[in-house]
Amino acid sequence: MRARGGTPVIRVVVVDDEALVRSGFQMILNASEGIEVVATAEGAAAADVIRRDLPDVVLLDIRMPDVDGLTVLRQIQELPEPPYVAMLTTFDTDEYILTALRSGASGFLLKDTEPEQLAQLVRTLAAGGVVMSPKASRALLRGHPGAGAPQDADAARVRLLSDRERDVLCLIAEGLSNADIGTRIHLSQGTVKDHVSSILTKLRVTSRVQAALLAERAGLLTRTDDGPARGNGR
């Protein structure tokens, strides 16, 4: 993050084919402390804008008429230091979301996310956390065959985790960064980082988002419609 007047600023690019969405997100985020929308773009120009402005966070529409968000996401992931990306959608269930999450996206947001929540979600992304709308993620999992019920293979992988690693996994699913996880359960960031690395290895996944989805499929988590993920206990 670059500094503005000595204060770190989260640099954001908003990519959407609708001008109203771009301007609305820009207005909300620019009014938030420590966040600056450095550019907005439509689909075809998005990759070039991101290469030019090197944002920390990209909010990327998953469905655009000229180029789809998955194509832009793949282009972003080829950068030497890709930004954190959250996919934007108007649908509670979108068949492209799981593909996006598996392709490196750090989460997804509904476009009708409450304005007061948007800035905090961007801060979570910039800190390396996972951002998933509870309503949408629950519907998304239900909407894919075999995703809603506990899966034997997923449950077997989760059983490989230690009790502390399960605690950390539940907090990953809440969207917490390593620093926030450490504060919640009184561990150093270095220890949390080691736990996260072990979790990804044992679950055979490559991202925090994939770990969170696997944990939910395995039945480790419960959700309220509007609340964060919670552990089911050990």
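Predicted model: local features only at pLDDT ≥ 70, side-chain atom pairs only at ≥ 80, totals over all residues.

1. Which residues in α8 meet Arg208, Ala211, Ala212 and Ala215 in α11? They are Leu169, Ile172 and Ala173.

2. Helix α8 covers residues 163-173, and its axis comes within 9 Å of the axis of α11, with a crossing at roughly 105°. An angle from 65 to 115 degrees counts as roughly perpendicular, and α8 and α11 are therefore roughly perpendicular to each other.

3. Helix α11 (residues 208-217) also packs with helix α10 (residues 189-203), at an angle of about 60° and with the axes 10 Å apart. The two helices are therefore oblique to each other. As for handedness, α10 passes α11 in a left-handed crossing.

4. What does α10 bring to that contact? On the α10 side are Val196, Leu200 and Leu203, which meet Arg208, Ala211 and Leu214 in α11. By class, the contact of α10 with α11 holds 5 nonpolar, no polar and 1 charged residues.

5. Leu203 deserves a point to itself. Leaving aside neighbours within four places in sequence, Leu203 is in contact with Arg157, Val158, Leu161, Leu169, Ala211 and Leu214.

6. Now to the nonpolar cores. In soluble globular proteins, nonpolar side chains tend to be buried together. Here the largest nonpolar core has 54 residues, and the members touching the most others are Leu60, Met87, Leu101 and Leu203. A second, separate core of 19 residues includes Ile10, Val57, Leu59 and Val122.

7. Leu54 is not a glycine, yet its phi is positive, at about 50°. Leu54 lies in the loop between α2 (43-53) and β4 (57-61). Is Leu54 buried, partly exposed or exposed? With 49% relative accessibility, Leu54 counts as partly exposed, the cut-off for exposed being over 50%.

8. The other angle is at His186, where phi is near 60°, again a positive value in a residue other than glycine. His186 sits in the loop between α9 (178-185) and α10. At 71% relative accessibility, His186 counts as exposed.

9. On the strand side, please look at Phe108, which is placed in strand β6 (residues 107-110). Phe108 is buried, its relative accessible area being 1%. Thr89 is 19 residues away from Phe108 along the chain, and the C-alpha atoms of these two residues are separated by 7.5 Å.

10. Lastly, some totals for the chain as a whole. The protein chain has 11 helices and 9 strands. Of its 234 residues, 53% are buried. Among contacts between residues at least 6 apart in sequence, 66% join residues at least 24 apart.

Technical notes
Residues numbered from 1 in each chain as written. Heavy atoms only, no water. Axes fitted to C-alpha atoms, helices over the stretch in contact; angles between N-to-C directions. Helix = DSSP H or I, 4+ residues; strand = E, 2+ residues; numbered from the N terminus. Parallel < 35°, antiparallel > 145°, perpendicular 65-115°, else oblique. Left-handed = near helix turned anticlockwise from the far one by under 90°. Contact = heavy atoms within 4.5 Å. Nonpolar A, V, L, I, M, F, W, Y, C, P; charged D, E, K, R; others polar. Core = buried A, V, L, I, M, F, W, Y, C linked by side-chain atoms within 4.5 Å. Buried < 20%, exposed > 50% of the residue type's maximum accessible area, 1.4 Å probe, protein only.
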